[in-house]
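This briefing is meant for a reader who is meeting the structure for the first time. Please look at the sequence and the model before going through the points below.

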Amino acid sequence: MDEVSNKNTFSKQEKLKGKKNFEILFTKGKRIKVYPVQLCYHSMGFKDGSPLKVAVVAPKKKFKKAIQRNRVKRLLRESYRLNKSLVFNNIEGNFALLFVYLGNTVPTFAQVESAMSQLLKKFIEQQSHEKNS
RNA sequence: CAGGCAGGCCACCUUAUCGCCGUGUGCCGAACAGAUUUGGACAUCUUUUGGUUUUCUUAAAGAUUCGGAAUCAAGUUCGGGACAGGGAGGAAAGUCCGGACACCAUAGUGCAACAUAGCGGAUAACAUCCGUCCGUUGAAAAACGAGGACCAGUGCAACAGAAAGCAAGUACAGUUCGGCUGUAGUGAAAUCAGGUAAACUCUAUGUGGUGAAACGCCAUGUAAACCAGUAUUUGAGGGUAGCACGCCCAAAUUGGAGGGUAGGCGGUUGGAACUUUGGGGCAAUCCAAGGUCUAGAUAAAUGAUAGGGCUCGACAGAAUCCGGCUUAUGGCCUGCCUUUUUA
RNA sequence: UGGCCUAUGGUGUAAUUGGCAACACUACUGGUUUUGGUCCAGUCAUUCUAGGUUCGAGUCCUAGUAGGCCAA
């Protein structure tokens with residue numbers, strides 16, 4: 001798994017799937033915001049042994065056209081892919097992550113990436129804090 | 001030149017690094033299963049022999065079981081990695097028509113309802129396409145048209161007008177002075193077989209319903225629920241997209257394995273496909289021969305960064321698949337028209 | 001993905017078979033009153049948009065826009 005994380009991949013195995021998982025996340029998950037991205041996470045184990053599973057959301061209320069939603073989701077995935085080594089190297093336990101885009105306009109890649117890296121740092125801090133306390 | 005009309009074509013390109021989803025061919029690892037050989041464990045059974053009154057126990061042989069090693073063969077599943085090759089549209093959109101495909105007698109028949117509407121052709125089919133007549137718009141190139149029937153019946157016609165069909169009849173003029181004819185006036189329409197059918201209706205043609213989350217299969221797993229066969233009576237009651245007929249259904253017994261929920265596989269991408277040449281046809285399009293393989297995801301794949309080029313990139317993302325229509329929209333090319341202006 | 005519905009003053013609703021778009025509340029203006037309230041009078045419409053049928057369209061037909069609902 002370390003090899004995988006070092007190579008910055010984002011394969012099928014790391015995608016969060018299943019309707020139930022999403023319901024659990026939305027109802028029980030904890031949330032961190034760094035505008036314009038919100039992280040919603042919850043601890044859960046996976047059958048195939050992967051430590052993290054990730055999903056990405058662009059709400060239909062804000063982006064009416066399919067191509068805009070696609071664009072936002074691609075940017076989120078790409079920025080997670082480039083920054084995922086942060087998480088993999090500094091965290092223990094299994095988590096499901098859900099990134100929700102909150103802005104009203106289609107962003108540039110730079111905006112999304114800076115938000116993403118800040119968000120992941122916060123997530124790591126909060127996680128280690130919870131473990132110590 | 002400018003404006004307009006019609007038709008066709010393209011949908012930023014390229015290099016490097018990282019990344020996503022199928023397909024094909026090798027490689028590596030793991031698990032399961034197969035065959036052969038080898039030696040073993042001792043669990044069970046059978047037979048024989050000895051000890052013991054018997055239970056039991058000793059030894060040998062055979063069978064079953066278990067796991068180990070080696071070899072062969074290369075099967076299935078999972079994971080990793082390599083190489084090759086592919087990876088959104090002209091509208092993928094709206095879901096407005098027409099089909100394909102699947103299931104359902106609650107699917108049939110009649111009425112009803114709905115749709116279409118000059119004429120001829122094309123097509124799997126259509127409300128689409130082609131040709132043509134007529135009408136409308138335009139100066140023209142051209143475009144658009146639900147364009148059948150008010151000599152079958154019913155209805156409607158505000159205001160104006162004498163009068164908008166059970167009827168009634170103004171003024172003036174002409175006159176053969178019974179009446180008839182013409183004009184005026186109102187209006188979209190006026191004794192004209194009047195107007196109106198995107199009014200009811202009639203005529204002709206067509207239409208069963210539900211939609212891939214349809215539907216088929218697998219694993220998990222349980223009921224008075226489901227399916228099939230047999231037997232039997234009441235045919236009361238119930239079901240049915242608007243109605244009627246018709247059709248279907250309850251309870252017994254035997255056998256079988258269905259529904260909900262969450263999951264996997266198929267359906268699922270090779271097709272009324274695209275393209276080249278030749279032939280028929282004014283054309284839509286058809287026929288023959290050759291060539292090509294062209295997305296298949298399932299919280300849902302095409303992106304990011306850096307550099308270069310140009311015209312500086314519009315509208316916009318497949319979800320069962322086709323034929324159209326409609327709407328959104330950047331650029332290029334070809335042909336045609338000229339009210340006006342300039343030459 | 002598939003299916004369905006709605007749209008009329010600022011708000012909530014009417015409008016028979018196509019014939020002058022109506023009502024209530026709100027807002028504004030004026031009047032009544034010493035002032036305010038009540039009351040009286042008046043004002044506020046591209047009938048979602050664009051075409052078509054028709055003499056005439058809120059109504060009929062076609063296309064679009066926006067909003068909403070249902071099956072999951």
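Which residues of H3 are buried? In this model, which is predicted, the buried residues of H3 are Val72, Leu75, Leu76, Ser79, Tyr80, Lys84 and Val87.

**Helix H3**
- Helix H3 covers residues 66–89, a stretch of 24 residues, and its first and last C-alpha atoms are 35 Å apart, which is close to the 34 Å expected at 1.5 Å a residue.
- The helix also carries a kink of about 50°, and this kink is centred on Asn83.

**The sheet**
- Four strands form an open sheet in the order S1-S2-S4-S3, and their pairing is mixed; at its edges are S1 (30–34) and S3 (52–57), each of which pairs on one side only.
- Averaged over the sheet and with direction ignored, neighbouring strands are turned by 20° against each other.
- Strands of a sheet pair through backbone hydrogen bonds, in either a parallel or an antiparallel manner.
- S1 and S2 run antiparallel and are joined by five bridges, while a hairpin leads from S1 to S2 through two residues.
- S2 (residues 37–43) also pairs with S4 (residues 95–101), again in the antiparallel sense, over seven bridges.
- Cys40 in S2 is the bridge partner of Arg31, and Cys40 has Leu98 as its bridge partner in S4; elsewhere, His42 stands opposite Ala96 in S4.

**Helices against the sheet**
- Helix H4, made of residues 109–132, lies across S1 and S2 and runs at about 140° to S1.

- In soluble globular proteins, nonpolar side chains tend to be buried together.
- Here the largest nonpolar core has 28 residues, and those with the most contacts inside it are Val37, Leu39, Leu76, Leu97 and Phe99.
- Leu97 touches Leu39, Tyr41, Leu52 and Val54, when residues up to four places away in sequence are not counted.

Notes
Residues are numbered from 1 along each chain as its sequence is written. Chains are lettered from A and ligands numbered from 1 in the order in which they are written. This is a predicted model: local features need pLDDT of at least 70, side-chain atom pairs count only at pLDDT 80 or more; totals for chains, interfaces and linings use all residues. The expected span of a helix is 1.5 Å times one less than its number of residues. The bend at a residue is the angle between axes fitted to the seven residues ending there and the seven starting there. A residue is buried if 20 or more other C-beta atoms lie within 10 Å of its own, exposed if 12 or fewer, and partly exposed in between; C-beta atoms are placed from the backbone. Two strands pair if DSSP finds at least two bridges between them. Axes are lines fitted to C-alpha atoms, for helices over the stretch in contact, and angles run from 0 to 180 degrees between N-to-C directions. Two residues are in contact if their C-beta atoms, placed from the backbone, lie within 7 Å. A nonpolar core is a set of buried Ala, Val, Leu, Ile, Met, Phe, Trp, Tyr and Cys residues joined through C-beta atoms within 7 Å.
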